[in-house]
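This report concerns the secondary-structure packing of one protein model.

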Amino acid sequence: MIGIGIVGLGMATQPHMLAIRDLEAAGTARLIGGFSPSAERRDGFALRWKAPVFGSQDALLAAPGLDLVLVLTPPGAHLPVAQAAAAAGKHLLVEKPLERSAAEGAALVQLAREAGVTLGVVFQHRFRPAALRLKQAVAGGELGTLLSCSASIRWWRDAAYFAQAGRGMKARDGGGVLLTQAIHTLDLLLHIAGPLARVGALARTSGLRAIDTEDMACAALQFTSGAIGALDATTVAEPGYPERVEIAGTGGSASLVAERLELHVKGRPVEIVEGAMAGGGGADPMAFDHGPHRAMIAETCAAITQRRAPMNDGTTGLPVLHAIEAILRSSESGAFVDV
């Protein structure tokens with residue numbers, strides 16, 4: 001049974017805690033406790049989850065039975081928390097993005113490697129049943145040679161969302177719609193369709209909210225496989241729509257809308273994989289089932305026990321950071337750039 005501690009007790013805590021409770025019931029994991037620098041958040045966490053809290057990060061890291069630390073702080077704090085946890089010999093599961101930049105993300109991967117601890121990244125969309133089926137179909141050649149691979153994330157975030165101190169600011173989040181919201185769907189596209197070769201992009205700030213990061217971005221994508229596609233990402237599309245990944249190849253096509261997949265393979269009846277819900281994160285950032293979080297944490301725990309890399313290994317969280325940085329470089333330069 002893997003002992004789990006949480007550093008960072010903000011909005012991201014809910015699906016992780018629901019998942020941990022399920023894993024506790026299954027005998028897979030147990031919660032050791034949580035820590036936040038905010039006494040208010042510590043009190044709120046203890047009250048809601050009837051769970052232990054620690055007055056310092058060091059006290060949590062020294063707690064008996066702790067094996068795995070979930071790092072749920074804002075980006076920018078991931079690296080120092082991970083350094084402390086890895087130095088204490090604790091395995092790591094880090095909320096997306098790994099860090100604010102690809103260089104910082106690579107440093108996090110390197111420190112985990114040098115410390116000999118497992119590092120996972122929180123990209124739970126990969127664990128949705130429909131996404132797992134689409135990954136299997138593409139990897140197995142069911143759609144033939146990939147030709148067109150695109151993603152659309154047309155979401156809405158209201159004033160209350162941006163009322164949190166620092167939300168949408170580079171100093172806190174490190175980036176805007178690409179790094180904070182669309183990163184899950186863009187990562188899923190790359191996870192399924194493979195890495196990018198180059199991009200041509202535009203990124204802008206709408207002026208609807210007082211932020212210094214982009215809330216609109218679009219890009220033409222060229223994959224290393226030769227496939228092409230498009231990315232459309234925004235948080236200004238009120239009331240918000242389910243995110244989409246669409247793949248077309250020589251053998252068929254697929255449309256993944258939030259957690260629902262339609263798979264069209266030539267010569268076969270259409271295959272539909274229904275998800276837990278159909279709304280995605282278009283309007284409510286917490287409007288999703290915690291089942292994929294449970295599967296992701298279970299996979300990380302299994303990897304620790306079996307001394308192997310998890311499916312969500314930290315190294316797999318770097319390509320999306322390189323892609324986002326290339327999109328922003330392209331927007332600034334007005335030209336296609338290599339990823």
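The sections below cover the basis of the model, the sheet, the helices on the sheet and a helix pair.

## Basis

The model is predicted: local features need pLDDT of at least 70 and side-chain atom pairs count only at pLDDT 80 or more, while totals for chains, interfaces and linings use all residues. Residues are numbered from 1 along each chain as its sequence is written, and side-chain values use heavy atoms, with hydrogens and water left out.

## Sheet

Nine strands make up an open, mixed sheet in the order 13-12-11-10-6-9-8-7-14. Helices (H or I, at least four residues) and strands (E, at least two) are DSSP runs numbered from the N terminus; strands pair if DSSP finds at least two bridges between them. Strand 13 (271–273) and strand 14 (337–338) are at the edges and have a single partner strand each, so one side of each lacks a neighbour in the sheet.

Strand 6 (residues 146–154) and strand 9 (residues 228–234) run parallel and are joined by five bridges. S148 has I228 of strand 9 as its bridge partner.

## Helices on the sheet

Helix 6 (residues 129–139) touches strands 6, 10, 11, 12 and 13, contact meaning heavy atoms within 4.5 Å. Its direction makes about 25° with that of strand 12 (260–265). Axes are lines fitted to C-alpha atoms, for helices over the stretch in contact, and angles run from 0 to 180 degrees between N-to-C directions.

Helix 12 (residues 318–333) packs on the sheet against strands 7, 8, 9 and 14, at about 55° to the direction of strand 7 (196–204).

## Helix pair

The axes of helix 1 (residues 13–26) and helix 11 (residues 291–306) come within 8 Å and cross at roughly 65°. Residues in the contact include P15 and L23 of helix 1 and M296 and I297 of helix 11.
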